[in-house]
Structure formats: structure tokens, C-alpha cells
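Please read the points below alongside the coordinates.

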Amino acid sequence: MNIQNTQVPTEWDRKGLPAWSFFSPEMLEAEKEQLFRRHWQVVCHVNDVPEPGDFVASDLVGERALVVRGRDMKVRSFHNLCRHRGSRVVAEESGNCKSAIICPFHGWAYNLDGTLRGAAQPQSLPDLDPVEMGLKPVEMEIWQGFVFVRFKEGPQPSVAEIMARFDDELAQYDLENLVPAEDVFWAGEIEANWKCVRDVDNEGYHVAMAHPGLHDLFGTNYHDEPFTHGTSRSLGQFREGKHRLWSVENYRKILQPPERLDDDHKAAWLYVGVFPNLVFGLYPDSVIFYHEFPVENGRTIQRGSVYRHKDEDRRMRLARYLSMRIDRITSKEDEQLIEWTWEAAFSSGFDGIVLSDLEYGVRSYHDILRGIFPVLDGDEPPEGTLLRENERRLKEAAR
Ligand code: FES
Ligand SMILES: [Fe+2]
């Protein structure tokens, strides 16, 4: 197992996060607020909403995002929240709302730019200002075609700044012009704390043992780079020789890497992790993203989407089908590992974890969490006082 992890210091603390941080309801609420509402969250790609009236809606940690393309072709983001009594204004995850967004509760109508067009039975209401009573905008940034939102002001710079170190490398994937490969976003529920998902995802040590498909594809050519400034990078270059698995062998045979990719990326899968919960997978045949959100401790939603290039021919489509197949099996394998690590913490025999150098990505991710939540250094939860204690520790560290 020759998987490498670059940038590992000679001495480092191999412990994971304290067990309580996976169960504490207070911790989870703090994470929802400080991480999920205050950091950029991807919703879709602009080409998921190509026509006026097209929309994508996505819920996370009690917030509801709604991305809509206007008649002026502008993409805007709102809270999916009617100004009358808070109903969702669109019920589906995606679709087209024609020329107006009509709330399914009492029928208030909003223009595609979010302004209020009119209430049902307006004579029963006072005069309503169309802008003031329009759908509430959510902070939005479109990065390389991907629509990101942020529900509350946060510590991160713009998505473009966060991703700047990948500008040159990602330019060859022409992200702006991707189109959705499928009609729907996939989503599933995992029985674990959300951090268990990240902990499995942030290291390649398990690839050789737990992912026969990926191991057959990469062999020993898989490299992880830990989190630096909020992003991580992993590159798996395809190994030479015959492959054992049918799907991998055929994927290699069928895939004709596009001209736009340089030699390092022609026969490779590149993963870019974005703190706190997003991963882009950049393949010669397609681009994917997936991310997860906590519902409660022990319930996490994972959601994702697959994109292709417009000029995809039949051969590339088949290659994409095969890469998706390898990917789907890998996700299933991960899901099992995630749930086992979650279960372990309930066992009387569980005594914490020991990280290998090849799992330094897990540590580097935990270190960002510790920067935001210094209370994670404690073996016992500061029960009932987590937020106050955390505030105190942050102030102390800033002195
Ligand atoms: S809640 Fe939307 S119209 Fe009443
Ligand atoms: Fe995995």
C-alpha cells in the first residue's frame, strides 16, 4: 500500500476529535450555525437552470435555498420562504415556474426577480411594497458556473479567492460550460454524525483495502494533499497494465481523454475538497460534486450531482456511465465505513483513534475545526456552556 500523503510534518498529534463532539447536541447546533450557515454552500450549476423560470431548491440545516433564472437571464438566489406565512414558494427540488413563482399556500405571486407581483385577494390586505415584501435574497456567488450561497455572513473570503490556487489546474476542465448529465440531484441519508463522513473522505489510506474499484484504477498512484487554507487536493492517476475489474478495464479501454486535458490529468481523477463539506470530482469524462449536511447526530443527508461536457459523444457517454458505476460502488463502500465508525463510538471497547501519516488529511481538517471551535481540545464537553466557553477560548487565543 504505497499511497502517499504529501506535506506531513515529522511530529504531529495522531488523535482524532474527542468522542463527545460526535454526540453533543450543543456542538451540532454550533456547527450548523458557524459552519453550515456561515460558509459557502454549492446549490447547483447555472446550466441546471438554463431557461427563464427554471429553478433549483435545496434545504440545509433548517434553511431553504432557491435558485431561479429570471426573464432577464440573470440567476438569483432567495430563501424559499413566502413573505405571507413562511410556506415554501416552490415545493419541488427543481423545475420551471413559468413566468411567476406562485406560493402553494394562499397563492401570493412573485416575479422571477423575487419582487412581489401580488397577493391573492389584495383588498383583504394593506398595501404591500413589491420590493420590501419580495422574496428575501440570499448572498450568492457564481464560481466557474457553480452557484454558491451563504445564509449568514461568515469568515470565509469569496469562493473565487478560496479556489484561486486551483485556477490554472481547473481551467482545462471548462467548468463554466458544463451541463447536467442527469435530470435530478441524487440524495441519500447516512446514519452517522456528519463529521464521520468527512473523516472517511479525507484520507486515501483506506482506498487499497476498502475500494477494490478505485484501487484497481489507481494502484499506488494515489496522492492526498491535506487541507491548506480551506481546500484539499487528491490526485489518482490511472495505473498501467491490465485491470482486474470489468468496469475498470472497460473504462480504461473506452475512455479517450479529451484534448483539453494536460498529460497529468488525461488519465486521472482529481478531487478538490472545500471546507467544510464539499468535494468536487474532476474526471476526464465528467465532473461531479457531493456534499453533506447534518440533520441530527446520527442523521446526515448527502447530496450530489453529475455534469458532462456539451460535446460529449457516444463513446464519452459510455465512459461516463462506467466512471459513475465505479463511483457509485465506492460511495456505497464508504457509507458502510462511515456508519461503522459512528457505531464504534457507542462501544464500551472504543478508546479513541490513532491516525497514520497517510491519514494526515483527517488531522488537517480537524485542525481547521479546532481553529473555529477551540473547545474541541477538551476531553469533556463543556455541557450547557459550549458557546460561551468557545467564545472565551477564541478571545483568549486572539490576545
Ligand atoms: S404562505 Fe404563501 S401565500 Fe400564504
Ligand atoms: Fe472512501
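1. Conventions. This is a predicted model, in which local features need pLDDT of at least 70 and side-chain atom pairs count only at pLDDT 80 or more, while totals for chains, interfaces and linings use all residues. Residues are numbered from 1 along each chain as its sequence is written, chains are lettered from A and ligands numbered from 1 in the order in which they are written, and side-chain values use heavy atoms, with hydrogens and water left out.

2. Annotated span. An unreviewed UniProt entry lists residues 40-149 as "domain: Rieske"; UniProt positions are given in the numbering used here, feature names are shortened, and annotations may be inferred rather than shown by experiment. In the model, this span is 0% helix and 41% strand, and its end C-alpha atoms lie 6 Å apart. Helices (H or I, at least four residues) and strands (E, at least two) are DSSP runs, numbered from the N terminus.

3. Most residues other than glycine have a negative phi, and most peptide bonds are trans. M73, which is not a glycine, has a positive phi of about 70°; M73 sits in the loop between β4 (63-69) and β5 (75-79). H229 is not a glycine either and has a positive phi of about 50°, in the loop between β14 (222-228) and β15 (231-237). The peptide bond joining F275 and P276 is cis, with omega about 5°, and P276 belongs to the loop between β16 (268-274) and β17 (278-282).

4. Accessibility of those positions. Buried means under 20% relative accessible area, exposed over 50%, and partly exposed in between (1.4 Å probe, protein chains only). The areas come from the Shrake-Rupley method; for residues, only the protein chains shown count as cover. M73 is partly exposed because its relative accessibility is 40%, whereas H229, at 77%, is exposed.

5. Salt bridges. The whole structure holds 29 salt bridges, each being a side-chain nitrogen of Lys or Arg within 4 Å of a carboxyl oxygen of Asp or Glu. R37 pairs with E33, the closest N and O atoms being 2.8 Å apart; R37 is buried at 14% and E33 is buried at 17%. Both belong to a salt-bridge network that links E33, R37, R38, E63 and K152. D72 and R76 form another bridge (2.6 Å, N to O), in which D72 is partly exposed at 45% and R76 is buried at 19%.

6. A bridge between separate elements. What distance, N to O, separates the side chains of R239 and D216 in their salt bridge? The value is 2.8 Å. R239 lies in the loop between β15 and α7 (246-254) and D216 in helix α6 (residues 212-218), so the pair ties together parts that are 23 residues apart in sequence. D216 is buried, with a relative accessible area of 4%.

7. Negative patch. D174, E176, D311 and D313 form a patch of negative charge on the surface. Patches are made of residues with over 30% relative accessible area and no salt bridge; like charges are joined within 9 Å. Asp and Glu count as negative, and Lys and Arg as positive; His and the chain ends are not counted. The charge is placed at CG of Asp or CD of Glu. E176 is found in the loop between α3 (167-171) and β12 (179-180) and is partly exposed at 49%.

Terms used:
Patch = residues over 30% accessible without salt bridge, like charges linked within 9 Å, V, L, I, M, F, W, Y side chains within 5 Å. Areas by Shrake-Rupley, 256 points an atom, 1.4 Å probe, with all protein chains shown as cover.
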